[in-house]
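This report describes a single chain, going from the overall fold to selected residues. The sequence and the structure come first.

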Amino acid sequence: MELLQAGVDCSVIALWLGHEAMGTTLTYLHAHLELKESALAKLKPYERAKAQRF
């Protein structure tokens with residue numbers, strides 16, 4: 001997780017960990033809660049549009 005936060009590419013992390021497929025590495029990287037929270041904090045709130053009649 002620290003490597004990802006430091007800007008190291010996911011493919012490089014996968015090679016260092018010896019993973020054959022990127023999917024295996026992504027499973028671990030998606031588990032990082034602080035990274036998810038910081039990404040969500042950058043989004044603006046969803047504003048539902050008024051329903052329109054056709």
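## Starting point: L29

L29 has its place in helix α3; helices (H or I, at least four residues) and strands (E, at least two) are DSSP runs, numbered from the N terminus. The model is predicted, so local features need pLDDT of at least 70 and side-chain atom pairs count only at pLDDT 80 or more, while totals for chains, interfaces and linings use all residues. Residues are numbered from 1 along each chain as its sequence is written, and side-chain values use heavy atoms, with hydrogens and water left out.

L29 counts as buried because its relative accessibility is 10%; buried means under 20% relative accessible area, exposed over 50%, and partly exposed in between (1.4 Å probe, protein chains only). Not counting residues up to four places away in sequence, L29 touches M1, L4, C10 and L35, where contact means heavy atoms within 4.5 Å. L29 and A49 are 20 residues apart in sequence, and their C-alpha atoms are 34 Å apart in space.

## Confidence

The average pLDDT of the chain is 82, and 96% of the residues score at least 70. This score is the predictor's confidence in each residue, from 0 to 100.

## Overall fold and surface

The chain contains four helices and zero strands, and its elements run α-α-α-α from the N terminus on. The chain is more spread out than a compact globule, because its radius of gyration is 17 Å, well over the 10 Å that the globule rule gives for 54 residues. That radius is taken over C-alpha atoms, and the rule is 2.2 Å times the number of residues to the power 0.38. Along its principal axes, the C-alpha trace spans about 55 × 25 × 15 Å.

Of the 54 residues in the chain, 9% are buried. The accessible surface comes to about 5,300 Å², with 59% of it belonging to carbon and sulfur atoms; accessible areas come from the Shrake-Rupley method with a 1.4 Å probe, and for residues only the protein chains shown count as cover.

At 1% relative accessibility, T25 counts as buried. Leaving out residues up to four places away in sequence, T25 touches C10, I13, A14 and H19. C10 is also one of the residues that L29 touches.

## L35 and its contacts

L35 is found in helix α4 (residues 33-41). With a relative accessible area of 31%, L35 is partly exposed. Apart from neighbours within four places in sequence, L35 is in contact with L4 and L29. L35 and L4 are 31 residues apart in sequence and 9.3 Å apart in space, C-alpha to C-alpha.

## A6, in a loop

A6 lies in the loop between α1 and α2. A6 counts as exposed, at 63% relative accessibility.
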